[in-house]
Amino acid sequence: MFEGKNGMRNKINEIGDDHIGTSAKTPLRDDAFEISDQEKIDRIQESVKEILETLGMDLEDDSLKGTPRRVAKAYVNELFVGLHPDKKPKLSTFDNNYKYGEMLVEKNITIYSTCEHHLLPIVGRAHVAYISNGNVIGLSKINRIVEYYAKRPQVQERLTMQVVQALQEALGINDVACVIDAKHLCVNSRGVRDIESSTVTSEFGGKFKEKDTKREFLDYIKMDTDFE
Ligand SMILES: [Zn+2]
């Protein structure tokens, strides 16, 4: 099908507003890490400056002077730090010598991510579970792996799959599941401006595809955990 420039632009708009993820792999170029973080910060600083100047902002103003640098540093060192493979947490496992063979659920993991279609925040919670086959992983590693993949330009569906795949790989099992419930500021603050809506995505591997196991996991998530 022939697609003119407008056709392509319409297609981009469609994907953007529908938040269709295209692959479980973050679309990074091969040369993504050929320049240093420092160089990225310098270049992004210039780009942010240009955006603000285009908008007509006065960058001589004391309040705005440091903004391009601050944004650039936040992008490279914080919001998108999970793009760098060196930052991936080491997911070492250890022997489950207490023979725990039931489901382990780590729930209410806070997510701060960024929608790659609008570069606006995604805020929510992840719930992750696995069934040990003899290996276990430190609980905080589950939070760390969620955080690592969240700190990228993201699509919620992809984030859900990446968390499951990383844990499947580390534990050498298929029986891993993840549910994410999140608000997208691009939906809540612009476009349809629906403040109440949130998006739920799920990925069920191995035994979690079975009805009873899935039910058990979802029941644990619903448990009210309030220690205050
Ligand atoms: Zn968006």
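This is a predicted model: local features need pLDDT of at least 70, side-chain atom pairs count only at pLDDT 80 or more; totals for chains, interfaces and linings use all residues.
**Exercise 1. The largest pocket**

How do the residues of the lining of the largest pocket divide into nonpolar, polar and charged?

*Solution.* Residues are numbered from 1 along each chain as its sequence is written, and side-chain values use heavy atoms, with hydrogens and water left out.

Step 1. On a 1 Å grid over the protein atoms alone, a cavity is a set of points where a 1.4 Å probe fits but cannot get out, whereas a pocket is an open set with protein on both sides within 12 Å along at least five of seven lines; lining residues have an atom within 4 Å of a point. Grid points are joined across faces, edges and corners, and a volume is the space filled by probe spheres set on the points.

Step 2. Give the volume. The lining has 23 residues, and the closest to the pocket centre are Leu28, Arg29, Ala32, Lys40 and Leu83.

Step 3. Find the elements. Helices (H or I, at least four residues) and strands (E, at least two) are DSSP runs, numbered from the N terminus. Two or more lining residues come from each of α2 (37-54) and α4 (67-79). α2 gives the most, with four residues.

Step 4. Sort the lining. Ala, Val, Leu, Ile, Met, Phe, Trp, Tyr, Cys and Pro count as nonpolar, Asp, Glu, Lys and Arg as charged, and the others, Gly among them, as polar. The lining of the largest pocket then divides into 13 nonpolar, two polar and eight charged residues.

**Exercise 2. The second largest pocket**

Which residues lie nearest the centre of the second largest pocket, and which element supplies the largest share of its lining?

*Solution.* Step 1. The volume of the second largest pocket is about 330 Å³.

Step 1. Its lining has 17 residues, and Lys25, Thr26, Tyr149, Arg152 and Gln162 lie nearest the centre.

Step 2. At least two lining residues come from each of α5 (139-150) and α6 (156-171). The largest share, four residues, is that of α6.

Step 3. By type, the lining of the second largest pocket holds nine nonpolar, three polar and five charged residues.

**Exercise 3. Aromatic pairs**

How many aromatic pairs does a search of the whole structure find? Describe the pair of Tyr75 and Phe80, then the pair of Phe204 and Phe217.

*Solution.* Step 1. Rings of Phe, Tyr and Trp (its six-membered ring) pair if their centres lie within 6.5 Å; planes under 30 degrees apart count as stacked, over 60 as edge-to-face and the rest as tilted. The search finds four aromatic pairs.

Step 1. Tyr75 and Phe80 are 4.9 Å apart centre to centre, with 65° between the planes, and form an edge-to-face pair. Buried means under 20% relative accessible area, exposed over 50%, and partly exposed in between (1.4 Å probe, protein chains only). Tyr75 is partly exposed at 24%, whereas Phe80 is buried at 12%.

Step 2. The ring centres of Phe204 and Phe217 are 6.4 Å apart and the planes stand at 80°, so this pair is edge-to-face. Phe204 belongs to strand β7 (residues 199-204) and Phe217 to helix α8 (residues 211-222), so the pair ties together parts that are 13 residues apart in sequence. Phe204 is buried, with 15% relative accessibility, and Phe217 is buried, with 0%.

Step 3. Ring pairs join Phe204, Phe208 and Phe217 into a cluster.

**Exercise 4. Strand β6 and its sheet**

Why is strand β6 largely enclosed by the rest of the structure, and with which strands does β6 pair?

*Solution.* Step 1. Seven of the nine residues of β6 (residues 176-184) are buried, so this strand is largely enclosed.

Step 1. Two strands pair if DSSP finds at least two bridges between them. β6 pairs with β3 (residues 120-131) in the antiparallel sense over nine bridges. In this region His127 stands opposite Val179, and Tyr130 opposite Val176.

Step 2. β6 also pairs with β7 in the antiparallel sense, over six bridges. Here the bridge partner of Cys178 is Glu203.

Step 3. The open sheet has five strands in the order β5-β2-β3-β6-β7, with mixed pairing. β5 (153-154) and β7 stand at the edges, each with a single partner strand, so one side of each has no neighbour in the sheet.
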